[in-house]
Amino acid sequence: RTSLLMKLLNKNLMAGSPASVDSKRKLWLTAVISVFLSVFLTSPVMAQKAGNSDKESDRKTKQTVAMSQPIYEALLEIQELIEADDFITAQTKITELQGKKKKMSPYESAQIWNISGYNYYLQEKYPEAISSYENVLKQPELPEALQQSTLKTLAQLHFTVEDFQKALDTIKRLMAVVTEPAADIFMLEGQAYFSMGMYEEAIEPITTAIDMYREQGRVPKENWLLLLRVCYWELKDFPNMLIVLEELVEAYPKDTYILTLAGVHSELGDTKKQLALTEALYEKGYIDGKTHAVNLANLYLLHGIPYKAAKVLEKELAAKSIPSDVRNLRLLSQAWYSAREDEKAIPPLLLAAKEGDDGELYIRLAQSYINLEKWSEAAAAAKKGLDVGGIKRVDTANVMYGMALFNQKKLEQARRAFQAAGRDKRSQRTAQQWIKYVDSEIRRRDTLEQKLPEMQARDIDEILKANTDALQ
């Protein structure tokens, strides 16, 4: 997960990582304009006008950035070839230009290496592009703007080839030559640390960049806040992650951020807020039941709202958004049972019991039947559960089985079930009480069913005669 996230962030959060030649041109347009604007400003005509200055320092600077007419025209020709996607011819022209015997100024050499790097970049020949930009930086007395833009470009190229350590080193070089680094430079530093899994180190430059935006009265960029959020997530720093998420929700309201906010409340143990946020998103249709219905149902059950849990599960099962598997059917049955809707609890539990190989499900089914005083069904379910096995409390199951049998007047069978339950010390006292009661019912039944012995006719006659004699 972290590796994939890094790749996505390196693609989406970092300027200079386009997906096609056309998009690359768009992202690099500013850099290209900057390069060729400097070419135009230092053409022979402009250099001549500038040469009228009396200050030695100005003459030195302008002499450094001066460009001859042939070099200037050659660069324009190469630019046109690149824009026409004729990269091979463009590179040939660059090589020819670099091989000329005429000595070029450092600035001219820098611009030739610059356009070479750009040409390689559009061909996705990143090592060659990196080498070209390194050669730009090797030229002495470079204008500050060109030096900074080249270092920034070089850092982005190292990101592209996933050499994050070199990217970080290049950013450090950039920050060393910039008097007051801009926010985006701090963000590049933070991205480099993040890409190397150094989340604690990444937080300081990222927060610095965000704070700089806030101080300017600007809303921090969404991707910057997202990167900071992920850093806190990786460090399990949920309180700070919560602060970032709240800012994201306020500045860039999206249901995914609200849902993540609910998850953070869960991590912090505040499941009431988690429920409130998840419920609101579900009811407004911002999240689908396929992904979140079961989670919402569990939250309802956790907070003692089983009826709502059952309704959500019933709705999503009917819509086939969630599978009718043992897990979900059992959860639905539990919700209805907790809501004291035993009739509704039975069908899903019966399905779950038939699909699964778990005696515990049959025992739960037996309990629902007992609540409804359906003794025959309860006894059958309890017996099935005992036969299937996998029951946590066999003694309790036997007590339930005995109760169901007792209420069907199957006293001897019930007595055996209670005897089985009594073998477990946890149910010994309950079992003994039931056995005592069953025994009293057996005696009572036997007394009521007892019949007088049949007498022979002669015996009856003798009794009648004796009574007559006594009367006389």
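Modeller: What follows is a conversation about how the labels are assigned.

Modeller: This is a predicted model, in which local features need pLDDT of at least 70 and side-chain atom pairs count only at pLDDT 80 or more, whereas totals for chains, interfaces and linings use all residues. Residues are numbered from 1 along each chain as its sequence is written, and side-chain values use heavy atoms, with hydrogens and water left out.

Biologist: Why is Gln139 called buried?

Modeller: Buried means under 20% relative accessible area, exposed means over 50%, and partly exposed is in between, with a 1.4 Å probe and protein chains only. Gln139 has a relative accessible area of 17%, and is therefore called buried. Across the protein, 43% of the 472 residues count as buried.

Biologist: Where does Gln139 lie, and what is Gln139 in contact with, leaving aside its neighbours within four places in sequence?

Modeller: Gln139 lies in the loop between α8 (126–138) and α9 (144–160), where helices (H or I, at least four residues) and strands (E, at least two) are DSSP runs numbered from the N terminus. Contact means heavy atoms within 4.5 Å, and, with neighbours within four places in sequence left aside, Gln139 is in contact with Pro106, Ser109, Ala110 and Trp113. By the DSSP assignment, the secondary structure of the protein comes to 26 helices and zero strands.

Biologist: How do you know that the span of α17 is close to the one expected?

Modeller: The expected span of a helix is 1.5 Å times one less than its number of residues. Helix α17 (residues 289–302) has 14 residues, and its 18 Å from first C-alpha to last is close to the expected 20 Å. Its buried residues include His292, Leu296, Leu299 and Tyr300, and what covers the buried residues of α17 includes α15 (255–267), α16 (271–283), α18 (306–318) and α19 (326–338). Just after α17, Gly304 takes a positive phi of about 70°.

Biologist: What makes a set of residues a nonpolar core?

Modeller: The set must consist of buried Ala, Val, Leu, Ile, Met, Phe, Trp, Tyr and Cys residues joined through side-chain atoms within 4.5 Å. The largest such core has 73 residues, and those with the most contacts inside it are Ile82, Ile171 and Ile206. A second, separate core of 34 residues includes Leu361, Ala366, Ala378 and Phe418.

Biologist: What makes the pairing of Asp395 with Arg393 a salt bridge?

Modeller: A salt bridge is a side-chain nitrogen of Lys or Arg within 4 Å of a carboxyl oxygen of Asp or Glu. The closest N and O atoms of Asp395 and Arg393 are 2.7 Å apart, and the pair forms a salt bridge. Asp395 has a relative accessible area of 3% and is therefore buried, whereas Arg393, at 30%, counts as partly exposed.

Biologist: Why is Arg426 called exposed, and why does Asp424 count as partly exposed?

Modeller: Arg426 has a relative accessible area of 54%, so Arg426 is exposed, while Asp424, at 21%, counts as partly exposed. The side chains of Asp424 and Arg426 meet in a salt bridge (2.9 Å, N to O).

Biologist: How many salt bridges does a search of the whole structure find?

Modeller: The search finds 19 salt bridges. One of them joins Arg445 and Asp446, whose closest N and O atoms are 3.2 Å apart. Salt bridges that share partners also join Asp211, Arg214 and Glu247 into one network.
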